[in-house]
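The following briefing concerns a single protein chain.

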Amino acid sequence: HSPTSSKSATTRLRFSGAVRPKKARSDTMHITRAFLDGMNKAAPQEVQSVDVADLNIEFCRGCFACKYNGGHCVIDDDMRMILERMLASDLLLFSFSIYCYGMPAMLKNLIERTLPLSSMAMAEADGRYVHIGQRDYSHIRYLMICGCGFPNSRRNFEPAVRQFELMFPNNHTILTVPESPMLSAPEAAAVTVPRLERVKKAGRQFAETGEIDPALLAEITSPMIPEETYAGIVNGSV
């Protein structure tokens, strides 16, 4: 479907690394919900929400059988259903928080289990070699929404961002938001409410044009309050 389609299927993947995943209470989910609200203002969206922590997804065994047998994984678990849902979507939204500079383990495991989508054959593309696909996923766009608890984005989001860019070199959009725990604090509404309104605006732009204005994206990904003030609050010194 085009970005302005009145019926656009999306798959949202989200995960929290806590012992008991926070799911809807995740700091990052405030950002994701605002973005989807904005998309819905442009046109109604059909969203399929997938909580990776609730699925039975075994670890990839690295046997590569799927790359030789036409894309059939030898493991019989929920991943077979997830792969078909991914291919039936036109947007995959990966919503997660940063805990150790990269994609959380459960979500990374899901990504590794997408190996059946590609064959063992390789081809050069933009200066590097990639596996040739066994299924058609050229219609899919990719969106990463990621929050963290640090005061800024420097030397923090880079590993997750680069990983996402390498996994999905085409048709990707990335939102990284520092100081995201403030979004769960009612006393911070004076700065978080305006920020979430900007996120909604970005969602509407994305649904209408497939892009986000760079100036708006820069506002969204900047600290909400001065870095030193935020660090002092977290450290209990303010």
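Phe94 is buried, with a relative accessible area of 0% (buried means under 20%, with a 1.4 Å probe and protein chains only). The model is predicted: local features need pLDDT of at least 70 and side-chain atom pairs count only at pLDDT 80 or more, while totals for chains, interfaces and linings use all residues. Residues are numbered from 1 along each chain as its sequence is written, and side-chain values use heavy atoms, without hydrogens and water.

Aromatic pairs
- Five aromatic pairs are counted (Phe, Tyr and Trp rings, the latter by its six-membered ring, with centres within 6.5 Å).
- The ring centres of Phe94 and Phe164 are 5.7 Å apart and their planes stand at 75 degrees, so this pair is edge-to-face (planes over 60 degrees apart).
- Phe94 belongs to strand S3 (residues 91-97) and Phe164 to helix H5 (residues 158-167), so the pair ties together parts 70 residues apart in sequence (DSSP runs: helices H or I of at least four residues, strands E of at least two, numbered from the N terminus).
- Phe164, also with a relative accessible area of 0%, forms a further edge-to-face pair with Phe168, at 5.0 Å centre to centre and 65 degrees between the planes.
- Ring pairs join Phe94, Tyr142, Phe164 and Phe168 into a cluster.

Overall figures
- The chain has eight helices and seven strands.
- Of its 238 residues, 44% count as buried.
- Residues 24 or more positions apart supply 74% of the contacts with a separation of 6 or more (heavy atoms within 4.5 Å).

Technical notes
Buried means under 20% relative accessible area, exposed over 50%, partly exposed in between (1.4 Å probe, protein chains only). Rings of Phe, Tyr and Trp (its six-membered ring) pair if their centres lie within 6.5 Å; planes under 30 degrees apart count as stacked, over 60 as edge-to-face and the rest as tilted.
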